[in-house]
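Here is a short briefing on one protein chain. Look through the sequence and structure first, then read the points below.

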Amino acid sequence: MTTSEGVSESGEQPCITLEPKNTLLPGKTTPSAGRRALLRDTDSKVTANGVHDIEDRILRITGYYGYNPGYSSHRREDGSESHGDTAGSEASGESHSYRTCTNTLLKVLGGLMVVLCLSSSWVGTTQVIKLTFHSFSCPFFISWFSSNWNILFFPIYYSVHVLTTRDKQTPIQKFRECSKLFGEDGMTLKLFVKRTAPFSILWTLTNYLYLLALKKLTATDVSALYCCHKAFVFLLSWIVLKDRFMGVRIVAAIMAITGIVMMAYADGFHGDSFVGVALAVGSASTSALYKVLFKMFLGSANLGEVAHFLSTMGVFNLLFISCVPLVLYLTRVEHWGSLSSLPWGYLCGLAGLWLVFNILVHVGVVLTYPILISIGTLLSVPGNAAVDVLKHEVIFSVVRLAATCIICLGFLLLLLPEEWDSVTLRFLANIADKKSEEHGEELTDSSLNLRSRSRANGVVSIPLA
């Protein structure tokens, strides 16, 4: 079967215009210097059809793929692009991609460091609390004492801000600037009580219930049950904030509830185990409610405003909640001896670790990816398990291990992004396309090898059509 290469697809004959050559006849003199300059100037200008010079004419005649008239490889006086500019743009693009990769790598490495510090501080806090209970069993006093350390949030933020930036605002000026979180008029006594009281109460309840659960259960069980707060956050956000419904997160929430029931069933639905599970779930619930309300009212706050708000909560805790430990002391619910007999080393140690944990949670979201912060919280479960097995010689039952694994798996499912399904399908499609391309290349290579082998043997393959 033959093909007609001289006819275009439209059926018309292509029209090729040949440019006359400037040949010199014998006896004719060469053009003068002025004429040669004029010819060069004429060639360097754009003609009416958008063609620059002979190179553009050749590219236009041959139908070069992707060719645009007036964009040849030489630099023109009227500003068309040259090889040097193209190389410069490629170099700038490579440097930009290099900087982007470097920044991403540094962000990931910084995130891994934050994850390790976060999980270590949370494991340390939980274990120090367990040690403190051996000599001082007053959970509300411990919670109140640790919450007072939140006052240090804003001073720490201001110190780091002054050292890392050129902003030389005074502490009062920076405090007033961050007070816009409460409104345009700043913080008033009414707004201070109205905005701070609910969050401070939820904060105190979360810590107090967590400490009560540690008196009944091991640190591993309590930290695993506390991870259920992620599922409660999703459910509350779906109901209150009208967040997007995701089936995989519903499955994760069901897995969290299943793990809670299995944990309670491990020692039967009675005794300290059941009470401890209920207290840990209560702590996770109040933590989820705190986070949802924080997102609802203060979701657009920056780091300075968050530090201001947490310091304000510490002040509220010191001024208004100090009466509760006093009442518990007078009623002998939580009784301790003289102040000198208190284990101040343990108290200051766990309060400092708790403060470091909260700082890393809020600062890590700004410095690195939020998903790494959640993973840091999850890593506290195997960390506490290692300490319980190696130091306290705790033996976990099969039911407790299964419940812990189910809760952790549900926690990981909750970390999936909203577009995880479309991203996964796109990734699988790309893999399938690459495999098909590789298979096609293998078939092409095999056919070429077959033809070369046939020619070497003197065999000629005749096409059927």
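Of the 465 residues in the chain, 35% are buried; buried means under 20% relative accessible area, exposed over 50%, partly exposed in between (1.4 Å probe, protein chains only). This is a predicted model: local features need pLDDT of at least 70, side-chain atom pairs count only at pLDDT 80 or more, and totals for chains, interfaces and linings use all residues. Residues are numbered from 1 along each chain as its sequence is written, and side-chain values use heavy atoms, leaving out hydrogens and water.

**Fold**
- The chain has 18 helices and zero strands; these are DSSP runs (helices H or I, at least four residues; strands E, at least two), numbered from the N terminus.

**Nonpolar cores**
- A nonpolar core is a set of buried Ala, Val, Leu, Ile, Met, Phe, Trp, Tyr and Cys residues joined through side-chain atoms within 4.5 Å.
- The largest one has 66 residues, and Phe136, Phe141, Leu225 and Val277 have the most contacts inside it.
- Helix α7 (residues 189–216) gives the most to this core, with eight residues.
- A second, separate core of 15 residues includes Leu181 and Phe294.

**Salt bridges**
- There are two salt bridges, each a side-chain nitrogen of Lys or Arg within 4 Å of a carboxyl oxygen of Asp or Glu.
- Asp221 and Arg400 form one, at 2.7 Å from N to O.
- This pair links distant parts of the chain: Asp221 lies in helix α8 (residues 219–226) and Arg400 in helix α17 (residues 398–414), 179 residues apart.
- Asp221 is buried at 2%, and Arg400 is buried at 9%.
- Lys174 pairs with Glu177, with the closest N and O atoms 3.8 Å apart.
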